[in-house]
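Please read the following report alongside the sequence and the model.

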Amino acid sequence: MATLATDTPRVFEAGYNHLIGSMPVIASDIVYAGSAVGESGTAGTGRPLVSGDNFAGFCIEKCDNASGAASDLQIKLREVGVVKLAVTNITAASQYGDAIYATDDNVFTTTVGGSRIGH
């Protein structure tokens, strides 16, 4: 998979809908629904996750700031909960609880590196 170019809503476990947050978006970018969101450097703004970013959550509603300045819009995030993802290197139920990493906003793996997003 590659970085998202369209909305790709994720399936979340029920019960965490009250744990929705937001963060300001970087300038001149689009964050699609379903994107893993990372903090861009030390600016405190969000973007489609880039390997090494601090993971902030999953975008739940497209945030189109393609022609805007930093912080013009807020990314709505699912910050806590369980999400269904396709994860490279998961081959057995015994891997339940293994650390999961993201190398961009739509690529997830158990291989150490990138940004740790959960387990």
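## Loop residues with positive phi

Ser71 is placed in the loop between β7 and β8, where helices (H or I, at least four residues) and strands (E, at least two) are taken as DSSP runs and numbered from the N terminus. The phi angle of Ser71 is near 75°, a positive value in a residue other than glycine. With a relative accessible area of 40%, Ser71 is partly exposed, given that buried means under 20% relative accessible area, exposed over 50%, and partly exposed in between, with a 1.4 Å probe and protein chains only.

A positive phi in a residue other than glycine also occurs at Asn89, with a value near 80°. Asn89 belongs to the loop between β10 and β11, and its relative accessibility of 38% makes it partly exposed.

## Basis of the model

This is a predicted model, in which local features need pLDDT of at least 70 and side-chain atom pairs count only at pLDDT 80 or more, whereas totals for chains, interfaces and linings use all residues. Residues are numbered from 1 along each chain as its sequence is written, and side-chain values use heavy atoms, with hydrogens and water left out.

## The five-stranded sheet

Five strands form an open sheet in the order β2-β8-β6-β4-β5, and their pairing is antiparallel; two strands are said to pair if DSSP finds at least two bridges between them. The edges of this sheet are β2 (20–24) and β5, each of which pairs on one side only. Neighbouring strands are turned by 50° against each other on average, direction ignored, where the axes are lines fitted to C-alpha atoms (for helices over the stretch in contact) and angles run from 0 to 180 degrees between N-to-C directions.

At one side of the sheet, β2 and β8 pair in the antiparallel sense over five bridges, and Gly21 stands opposite Leu77 in β8. Gly44 lies in the loop between β4 (36–39) and β5 (46–48), and is partly exposed at 26% relative accessibility. Leaving aside residues up to four places away in sequence, Gly44 touches Met23, Pro24 and Glu39, a contact being heavy atoms within 4.5 Å. The C-alpha atom of Gly44 is separated by 23 Å from that of Val107, which is 63 residues apart from it along the chain.

## The four-stranded sheet

A second open sheet is built from four strands in the order β10-β12-β11-β13, with mixed pairing. Its edge strands are β10 (87–88) and β13 (115–118), each pairing on one side only.

Within this sheet, β11 (residues 100–104) pairs with β13 in the antiparallel sense over three bridges, and Ala102 stands opposite Ser115 in β13.

## Salt bridges

Side chains of opposite charge can pair when their charged atoms come close. How many salt bridges does a search of the whole structure find? There are two, a salt bridge being a side-chain nitrogen of Lys or Arg within 4 Å of a carboxyl oxygen of Asp or Glu.

One of them joins Asp53 to Arg47, with the closest N and O atoms 2.6 Å apart. Asp53 is buried at a relative accessible area of 7%, whereas Arg47 is partly exposed at 21%. Glu61 and Lys76 also meet through their side chains in a salt bridge, at 3.5 Å from N to O. This pair links distant parts of the chain, 15 residues apart, since Glu61 sits in the loop between β6 (54–59) and β7 (63–65) and Lys76 in strand β8 (residues 74–78). Both partners are partly exposed, Glu61 with a relative accessible area of 43% and Lys76 with one of 38%.

## Cysteines

A search of the whole structure finds zero disulfides, the criterion being a pair of cysteine sulfur atoms within 2.5 Å.
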